[in-house]
Amino acid sequence: MQEKKPIIVTSALPYANGPLHLGHLAGAYLTADFFVRYLRLKGEDVVFICGSDEHGVPITIAAEKEGVNPQDIVDRYHEWNKDTFERMGISFDYYGRTSSKIHYETSQEIFKTLYDKGFFSTKTEEHFYDEDAQMFLPDRYVKGECPNCSYPEAYGDQCEKCGNSLHPTDLINPISALSGKAPLRKETQHWYMPLGKAQAKLEEWLDSREGWKSNVSGQVRSWLQEGLNDRAATRDLTWGVPVPLEDAEGKVLYVWFEAPIGYISATKEWALKRNKPEEWRKYWQNPDAKLYHFIGKDNIVFHCIMFPIILMEHGNYVLPENVPANEFLNLEGKKLSTSRGWAVWLHNYVDHFEADLLRYALGVTLPETKDSDFSWKDFQARVNNELVAVLGNFIHRTMSFTEKYADAKVPPLSNPKDVDLAVLEAITLQKEKVEAAFEQFKFREALQESMQLARIGNKYFSDTEPWKSKDSDIESCHNTLHVSAQVVAALSILFDPIIPSSMAKLRAQIGYDGAISWENIGTDLLKVGQKLQKAEILFTKIEDEQIQMELDKLEAQLNNNASDAESEKTIDYPNIKDPINFDDFMAMDLRVGIIKEVTEVPKSNKLLAFKVDIGIETRTIVSGIKKHVQIDRLIGQKVTVICNLAPRMIMGMESKGMILMAESPDGNLHFVTSEAAEGSLLS
RNA sequence: GGCGUGGUAGCUCAGAUGGUUAGAGCGCACGACUCAUAAUCGUGAGGUCGGCGGUUCAAUUCCGCCCCACGCUACCA
């Protein structure tokens with residue numbers, strides 16, 4: 001017999017600073033688990049790897065907020081998420097974590113190898129340094145005034161008020177979030193990956209890939225067209241994997257460099273646990289092995305560009321066979337948002353419903369080719385109309401009929417008619433369709449074709465009317481029951497990757513206790529005379545009240561978070577600025593203006609060019625407020641203009657002055673208007 | 001603005017290397033049946049396949065432009 005090729009399936013490492021929600025499951029875990037369970041049934045040599053991504057600045061920030069160590073945070077979420085995955089039936093062979101010793105060694109070894117090969121380039125730059133804390137400050141740890149909107153609490157990477165991304169050095173009056181003091185600028189050296197140099201090799205490899213989804217290859221092409229820039233592989237931080245070089249005190253590997261290596265280190269740990277410490281090489285360092293990364297679309301660049309380059313430059317590692325990335329899942333028609341409380345938390349879900357129900361309902365509407373939508377009403381409909389009414393009912397009517405009228409034993413098949421044979425053939429036919437769908441990562445289709453067999457069963461059962469033939473033609477009746485029982489048995493394996501715990505229950509009911517394998521799906525899984533156990537209901541209907549409760553819960557979460565946010569905003573009002581004297585104020589020339597003309601600025605989607613009449617003249621002002629206003633209502637709008645602001649070139653136009661806007665707590669901009677005629681002076 | 005992905009029945013989504021009446025599930029209407037968790041089975045209504053042009057004997061499927069959604073990216077003083 002030919003040796004099976006080893007297969008590694010990975011699911012994106014969830015970030016260990018929060019619990020898991022529906023979007024996670026739909027993106028990278030459910031599909032991977034379907035695939036892996038299918039492969040196992042096929043008898044493939046597969047290892048399914050995942051784990052917690054435990055480094056990075058957000059975790060250190062979360063730790064600081066709570067006044068605990070980063071390790072405490074990741075310990076908490078690692079265990080929590082691991083448990084949630086188990087309860088959802090996600091069957092990882094190993095769930096590792098990037099704070100483990102083996103992960104440190106593995107990522108350091110890979111870094112060191114690239115270093116020895118001379119792959120990295122170094123850059124020395126000035127970064128902010130906190131003398132009290134004796135450390136360089138991550139972008140997030142520098143606060144200051146936003147150069148764009150003057151919000152005084154902007155972070156060094158982004159201003160949360162205006163949403164602009166920033167560099168720490170852009171900030172006005174920067175302070176350290178640690179000590180509250182002004183940080184020093186100090187030189188620091190970092191190692192960069194010159195991705196551009198590896199681009200040609202990467203493209204050649206990518207061209208050799210087949211069967212990739214269009215959303216994935218399109219996104220990758222888009223990145224490559226823009227050209228790959230150097231990416232830092234190290235950071236000045238204490239929380240992370242230390243850079244394994246002499247002159248790299250206080251530096252760690254950048255989390256995007258080291259996290260995907262977690263797949264490898266987790267596989268090593270898995271092998272060690274099985275007392276076969278070298279076994280991981282069979283998967284990762286074997287040209288025959290096949291690697292599949294299941295991820296969400298936000299992760300495409302890491303798994304299709306950066307990690308392959310790392311593996312390629314290191315050499316001696318497999319590159320992914322395919323990266324079947326999913327799109328995003330919306331919830332009740334709106335984008336998921338953990339910060340706004342718009343999410344279904346999986347640990348909550350499994351407290352109220354069986355994992356299998358969600359596995360099926362979500363599996364049918366996975367965001368495979370485009371963003372898709374999960375709604376509780378749809379969940380209820382899928383469960384009630386499909387799992388209960390089609391699958392559950394077919395199983396139940398077959399079993400209870402057999403129990404009542406055939407002594408609870410599988411009756412013989414004798415002189416089968418065309419209808420009987422056609423259904424037996426359908427078993428194999430559906431098996432092949434499902435198989436083809438799995439192989440192409442078309443999981444929705446796999447589910448639908450699996451359910452199709454149950455539909456065929458129902459139709460057959462109704463068409464052959466065993467409730468009539470039991471009195472008129474017992475042979476025909478027995479044939480119906482025989483064939484239906486075989487369909488039930490086939491379904492118990494066909495559906496095993498999707499709803500494993502229900503199907504295990506079902507197999508116990510029909511007395512099928514042999515090892516299960518995909519190839520066994522056929523027409524004679526059950527022996528004639530096989531005793532069936534008492535039919536027990538596998539799926540029960542979900543009532544409207546249960547769904548309403550979930551919807552209410554969602555609303556409540558949303559309101560909670562909204563009021564949290566509101567109260568934070570209240571506290572968060574920027575402090576009154578430093579005092580100025582009257583002359584400073586009078587130095588400003590503020591006048592009432594009236595908008596005469598509005599034009600869109602070419603090549604910009606935030607800017608509008610205004611002609612504003614300020615009495616003395618009409619001048620051009622360019623302003624970035626397009627998203628906040630309705631263009632067709634602007635003409636005639638009274639505004640306040642600061643007229644003696646130094647003119648400025650914006651997108652090739654000279655902007656003379658500024659239209660004043662008031663920003664409400666929700667971030668919307670509003671005109672500062674006046675009843676006075678245009679040209680009136682403010683003082 | 002650039003790049004990418006998508007825009008198909010009321011809803012959720014398939015599909016077509018261009019070619020006879022464009023599909024499924026749900027929902028809806030009507031009918032059948034009663035073994036089954038009022039489940040099942042059948043029939044039907046419902047679509048100018050985002051819009052406008054072009055190529056072609058023929059396009060919803062190819063090409064161009066435009067609109068909308070999502071993602072990446074730029075502009076934002």
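A residue is near a molecule or strand if one of its heavy atoms lies within 4 Å of it. With that cut-off in hand, here's a quick tour of a predicted model in which 51 residues surround RNA strand B.

**How to read the numbers**

- Residues are numbered from 1 along each chain as its sequence is written, chains are lettered from A and ligands numbered from 1 in the order in which they are written, and side-chain values use heavy atoms, with hydrogens and water left out.
- As this is a predicted model, local features need pLDDT of at least 70 and side-chain atom pairs count only at pLDDT 80 or more, while totals for chains, interfaces and linings use all residues.

**Around the RNA**

- The closest residues to RNA strand B are Lys 335, Thr 369, Lys 404, Arg 444 and Lys 541.
- Lys 404 has a side-chain N or O atom 2.5 Å from a phosphate oxygen of RNA strand B.
- H13 gives the largest share, eleven residues.
- By type, the surface near the RNA has 13 nonpolar, 20 polar and 18 charged residues; Ala, Val, Leu, Ile, Met, Phe, Trp, Tyr, Cys and Pro count as nonpolar, Asp, Glu, Lys and Arg as charged, and the others, Gly among them, as polar.

**Chain A as a whole**

- Chain A holds 20 helices and 26 strands, and its C-alpha trace spans about 105 × 65 × 45 Å along its principal axes.
- Of its 683 residues, 51% count as buried, meaning under 20% relative accessible area (1.4 Å probe, protein chains only).

**One sheet up close**

- Four strands form an open sheet in the order S5-S4-S9-S10, with antiparallel pairing; two strands pair if DSSP finds at least two bridges between them.
- Strand S5 (135–136) and strand S10 (230–232) stand at the edges with a single partner strand each, so one side of each has no neighbour in the sheet.
- Strand S9 (residues 184–194) pairs with S10 over three bridges, and Pro 194 has Asp 230 in S10 as its bridge partner.

Notes
A polar contact is a pair of N or O atoms within 3.5 Å; within protein, one must be able to donate a hydrogen and the other to accept it, and residues adjacent in sequence count only if both atoms are side-chain atoms. Helices (H or I, at least four residues) and strands (E, at least two) are DSSP runs, numbered from the N terminus. Buried means under 20% relative accessible area, exposed over 50%, partly exposed in between (1.4 Å probe, protein chains only).
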